[in-house]
Amino acid sequence: MIALLKRDLKLSFRSGGGAAIALLFYFAVVVSMPFAIGPDPILLSTIGGATLWIGALLASLLGLERLFQSDAEDGSLDQMLISPTPLAAQVFTKSFVHWLVTGLPLTLMAPVFGLFLGMSQNALLASMATLAVGTPAISFIGAVGAAITVSLSRGGLLLSVLVMPMCIPVLIFGVGAVRAAVTEPDPFLPPFLLVAAISLFFAVIGPFASALALRQGAS
Amino acid sequence: MKLIASNISVIRGEELILEDISFTVSSNEALIVRGANGTGKSTLLRAIAGLLPLETGTFSVDDPDNEFGDSTHSQLCHYLGHENAMKPAMTVGENLAFWQEFAGQPHLEIDEAMEMVGLDGLQDVPFSHLSTGQRRRISISRLLISYRPIWLLDEPTAGLDAASEKQFAKLMQIHLEDGGLIIAATHIPLGLENTKELVFGEQE
């Protein structure tokens with residue numbers, strides 16, 4: 001488990017790992033927004049939370065396709081399936097690493113990117129908080145999609161189509177919480193806690209579903 | 001110990017690939033699975049490794065001295081498939097260190113195992129820089145760094161030159177003498193003593 005964590009972290013910073021790609025893509029999405037919408041500070045700050053969230057969602061989906069596919073191609077997946085370590089625990093580890101190299105940097109950079117959108121301090125902090133608790137859900141849901149599409153050679157698009165609907169609740173409550181943080185009298189906590197609940201739920205369910213899909217895929 | 005297969009059938013898709021296969025392999029013994037392409041050699045190995053669901057039949061381990069506790073048979077297997085299971089972006093040493101930690105039950109030191117396959121000194125070379133035969137030999141050294149009594153080898157000598165083949169035969173012989181057992185699917189004689197054969201399909 002620790003071995004897998006260390007290896008996947010190492011790989012994501014090597015060539016073809018793509019740890020920086022998600023961040024660059026995120027930057028591109030957020031920065032192109034003001035050009036498309038126009039330099040209206042009030043409008044931009046209103047949709048700032050939504051922009052940060054959609055950017056984070058799309059950027060997280062980028063690397064998911066390769067989550068199990070590279071292991072399947074080089075035969076590592078067979079070894080993982082045979083290993084006495086429960087497959088769900090291995091999937092949990094891999095999903096967690098995916099979050100560490102995409103979700104976490106996206107969260108940390110969100111306040112910086114939010115400045116481009118003229119967001120208020122409260123909105124920036126709220127975005128960071130909701131992304132911190134919400135992006136794990138994307139990684140865990142995404143792992144299920146990645147496990148289902150592991151044997152498809154161009155599974156990336158199908159993966160996005162499969163995963164996106166499942167991520168909609170996270171998006172709704174995440175953006176809702178950011179909005180609530182800046183508009184009185186909407187409370188911030190209920191939607192925020194719902195996002196956290198969704199993440200915890202998928203952290204438990206996701207790895208088992210992925211493990212099942214991977215076993216099916218192997219046979 | 002003994003690995004006993006009784007009445008194994010495996011279906012892939014709609015097709016019955018293996019039908020009613022039974023065999024017993026004991027310690028110090030190698031089972032060579034032969035047959036034309038597509039007769040189910042790889043399928044049998046994958047089924048033993050636990051990668052494929054069995055339609056009928058069971059695999060069991062007869063372990064009179066209770067050497068291996070209550071491990072299931074697939075936990076006692078090393079599976080060497082067609083792919084080498086190594087990451088091209090990592091060095092040879094990093095790859096092997098990972099597999100040793102991942103598989104547990106460390107056996108030989110990594111340096112020692114690489115010396116056994118004649119590739120010592122390549123620890124810091126990225127795996128992607130190796131030739132096909134060298135990659136295969138590194139993959140073979142994975143069998144040595146953590147201990148498993150049962151080796152499942154699918155075309156193990158693919159890409160090896162004559163000298164490496166001989167070297168590998170020696171490694172297999174040592175494993176057998178150590179009380180291990182080997183099940184190998186191959187077209188090429190592996191140069192082992194004390195072998196049994198299982199032939200699939202029509203033989204000319």
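Predicted model: local features only at pLDDT ≥ 70, side-chain atom pairs only at ≥ 80, totals over all residues.
**Entry 1: nonpolar patch, chain A**

I started with the surface and found a nonpolar patch of about 550 Å², made by I148(A), L152(A), L157(A), L158(A), V161(A) and L162(A). My patch rule takes residues with over 30% relative accessible area and no salt bridge, joining nonpolar side chains (Val, Leu, Ile, Met, Phe, Trp, Tyr) within 5 Å and like charges within 9 Å. Areas are Shrake-Rupley with a 1.4 Å probe, and for residues only the protein chains shown count as cover. Helix α8 (residues 155-182) of chain A gives the most to the patch, four residues. Helices (H or I, at least four residues) and strands (E, at least two) are DSSP runs, numbered from the N terminus. I checked L162(A), which sits in helix α8 of chain A, and it is partly exposed at 36% relative accessible area. My scale calls under 20% buried, over 50% exposed and anything in between partly exposed (1.4 Å probe, protein chains only).

Residues are numbered from 1 along each chain as its sequence is written, chains are lettered from A and ligands numbered from 1 in the order written, and side-chain values use heavy atoms, without hydrogens and water.

**Entry 2: where chain B meets chain A**

I counted 25 residues from chain B and 24 from chain A in the contact (heavy atoms within 4.5 Å). The buried area, meaning accessible area (1.4 Å probe) lost by the two parts on being put together and summed over both, is about 2,200 Å², with 59% from carbon and sulfur atoms. On the chain B side, L51(B), K87(B) and F102(B) lose the most area to chain A, together 29% of what that side buries.

I got six salt bridges between the two chains; the rule wants a side-chain nitrogen of Lys or Arg within 4 Å of a carboxyl oxygen of Asp or Glu. In one of them D71(A) meets K87(B) at 2.5 Å, N to O. Helix α2(B) gives the most to the side of chain B that touches chain A, five residues.

Another bridge pairs E94(B) with R14(A) at 2.9 Å, N to O. E94(B) lies in helix α2 of chain B and R14(A) in the loop between α1 (2-12) and α2 (19-37) of chain A, so this pair joins two chains.

K94(A) is in helix α6 and D71(A) in helix α4 (residues 66-74), so the pair ties together parts 23 residues apart in sequence. K94(A) counts as buried at 3% relative accessibility, and D71(A) does at 1%. R7(A), D8(A), D71(A), D74(A), K94(A) and K87(B) are linked in a network of salt bridges.

**Entry 3: E29(B)**

Which residue does E29(B) form a salt bridge with? I found K196(B), with the closest N and O atoms 3.7 Å apart. E29(B) is in the loop between β2 and β3 and K196(B) in strand β8 (residues 195-200), 167 residues apart. E29(B) is buried at 14% relative accessible area, whereas K196(B) is partly exposed at 30%. The E29(B) side chain also reaches the backbone nitrogen of S26(B) at 2.9 Å.

Key: Polar contact = N/O pair within 3.5 Å; in protein donor to acceptor, adjacent residues only side chain to side chain.
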